[in-house]
Each structure stands twice: as structure tokens, then as C-alpha cells.
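Here is a short briefing for a first look. Start with the structure, then read the points by topic.

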Amino acid sequence: MTPLRWVWAALALWGAIHPMYWFVTWFRTEGWSLGRMIDAWYVNAATTGLTWDLTIAAITLTVWIVAEVAVRRNWVALLAIPATFCIGVSCGLPLYLFLRAKPIR
């Protein structure tokens, strides 16, 4: 595995663990309600802007993944889409780059 693939793997792992720590902390404090968490994303203009920024980035990443998978036939790279929407762009993007950097046979 190349050094760059190790970097992508480490960033994907960090992008999965670090945000989840904060999500779980929030759920423990505020209760296990996804609806309340989504409401918190729109509590003010700053969080609303950040939410839309990440949503647009996630959609853009998804379009890129689908377009490249259609050409490269690297089907395993599709795993980055659920990672993006279930964990976040901080996990999905480096995971996709990790999967994309694998030599294709």
C-alpha cells in the first residue's frame, strides 16, 4: 500500500471517529432523538450555512463517485456514498480517495 493510501485511510478513520464522538456526546446530553439533532443543525444562520455547505459537498461527492464508478468500474468505491451520508463528508471523501487509489485490474 502506498504512503498516500495510508494517509487516505487514516483520514477516513479520523473522519468516522471524531465526528461520531461529538454526535454521541450530543445524543447523551440531549436525548436520542434524530429529529432534535436535525433541528439543532438549523438553530441559527451559522449552523444552517454549515449544514447546507456539507449537504452540497456530499451531493457533489456522490455525483463524482457515481460518474467515476461508471467509467472505472470500481464498484467497491460505492461504499463511500453511505459513509458520506451516514457518517459525513469527513469520512466519505477520504474513504473514496482511499478506494480510488487502489490499482484496478
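In what follows, Ala, Val, Leu, Ile, Met, Phe, Trp, Tyr, Cys and Pro count as nonpolar, Asp, Glu, Lys and Arg as charged, and the others, Gly among them, as polar. By that scheme, the lining of the largest pocket has 18 nonpolar, six polar and no charged residues. The model is predicted: local features need pLDDT of at least 70, side-chain atom pairs count only at pLDDT 80 or more, and totals for chains, interfaces and linings use all residues. Residues are numbered from 1 along each chain as its sequence is written, and side-chain values use heavy atoms, leaving out hydrogens and water.

**The largest pocket**
- Its volume is about 790 Å³ (the space filled by probe spheres set on grid points, which are joined across faces, edges and corners).
- A pocket is an open set of points on a 1 Å grid over the protein atoms alone, where a 1.4 Å probe fits, with protein on both sides within 12 Å along at least five of seven lines; lining residues have an atom within 4 Å of a point.
- Helices α1, α2, α3 (45–72), α4 (80–86) and α5 each supply at least two lining residues (helices are DSSP runs of H or I, at least four residues, numbered from the N terminus).
- The most comes from α1, with seven residues.

**α1 and α2**
- The axes of α1 (residues 3–30) and α2 (residues 34–41) come within 11 Å and cross at roughly 110° (axes are lines fitted to C-alpha atoms over the stretch in contact, and angles run from 0 to 180 degrees between N-to-C directions).
- The two helices, α1 and α2, are therefore roughly perpendicular (65 to 115 degrees).
- On the α1 side, F23, W26, F27 and E30 meet L34, R36, M37 and A40 of α2 (contact means heavy atoms within 4.5 Å).
- This contact of α1 with α2 has six nonpolar, no polar and two charged residues.

**α1 and α5**
- With axes 8 Å apart, α1 and α5 (residues 89–100) pack at an angle of about 160°.
- Helices α1 and α5 are therefore roughly antiparallel (over 145 degrees).
- Residues R5, W8, A9, L11, A12, G15, A16 and P19 in α1 meet S90, C91, P94, L95, L97 and F98 in α5.
- By class, the contact of α1 with α5 has eleven nonpolar, two polar and one charged residues.

**A loop residue**
- R73 sits in the loop between α3 and α4.
- Phi of R73 is near 60°, a positive value in a residue other than glycine.

Methods
Angles under 35 degrees count as roughly parallel, over 145 as roughly antiparallel, 65 to 115 as roughly perpendicular and the rest as oblique.
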